[in-house]
Amino acid sequence: MKNILAISGSTRLNSTNHNLIKAIAELTKEIFTITVFEGLSALPHFNPDENDTNVPDQVLHFKESLNNADGVIICTPEYAHGVPGTLKNAVDWTVSTSEFLHKPIMLITASTDGQYGHKALLETLRVIEAKDIDQLQLLIPFARTKINGENKITDGKSLEAVKKLIENFERILHDKPEPGRQFLCFG
């Protein structure tokens with residue numbers, strides 16, 4: 001089984017995004033071992049002067065968690081048309097040390113609207129070279145009406161989209177080509 005680190009961009013423990021992570025964990029319990037990173041709000045503000053030496057313990061733990069994961073799931077809301085500050089701060093700690101580099105990252109923005117924060121985080125993940133991010137992203141607008149407090153995706157279209165995303169994630173984690181896609185080699 002692949003080890004997956006899940007990160008919620010919301011610091012509220014009973015948020016829609018935490019419920020979504022739990023729903024995904026239930027859907028994937030036969031194929032992934034999902035560990036939720038609980039220390040997002042404990043990470044200190046990013047300081048480039050502390051990124052090489054005197055790295056705070058919380059940051060070392062976060063980076064170690066990323067390094068030990070085969071892939072990452074990020075479920076996040078959008079705040080004020082942007083990426084939640086605690087999530088962006090966490091990603092900033094990894095920019096020069098490459099924990100996300102070539103690692104499959106499944107990004108789901110589950111929010112009221114979400115398009116602006118989703119686009120911004122998607123671009124950040126492209127810049128830090130998350131593996132196949134364009135195939136591993138999903139926006140779920142009006143998420144509170146589609147994910148309930150019992151960790152279930154109640155909207156049929158959203159559930160099917162999440163299942164398809166999980167299939168893509170599993171395929172990319174195992175480095176399998178997309179079905180129907182052939183790669184030719186000329187030598």
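Modeller: Residues are numbered from 1 along each chain as its sequence is written, and side-chain values use heavy atoms, without hydrogens or water. Because this is a predicted model, local features need pLDDT of at least 70 and side-chain atom pairs pLDDT 80 or more, while totals for chains, interfaces and linings use all residues.

Colleague: Is strand β1 largely enclosed or open, and why?

Modeller: Strand β1 covers residues 2-8; strands here are DSSP runs of E, at least two residues long, and helices runs of H or I, at least four, numbered from the N terminus. Buried means under 20% relative accessible area with a 1.4 Å probe, protein chains only. Five of the seven residues of β1 are buried, so the rest of the structure leaves this strand largely enclosed.

Colleague: What is the hand of the crossover from β1 to β2?

Modeller: β1 and β2 (residues 32-36) run parallel, joined by five bridges, and pairing needs at least two DSSP bridges. A6 has V36 in β2 as its bridge partner. Between these strands the chain passes through helix α1 (residues 16-27), and this β-α-β crossover is right-handed.

Colleague: How many residues in the lining of the largest pocket are charged?

Modeller: Asp, Glu, Lys and Arg count as charged. The lining divides into five nonpolar and seven polar residues, and the charged ones number three.

How values were computed: Buried means under 20% relative accessible area, exposed over 50%, partly exposed in between (1.4 Å probe, protein chains only). A crossover is right-handed if, with the strands pointing away from the viewer, the path from the first strand over the helix to the second runs clockwise.
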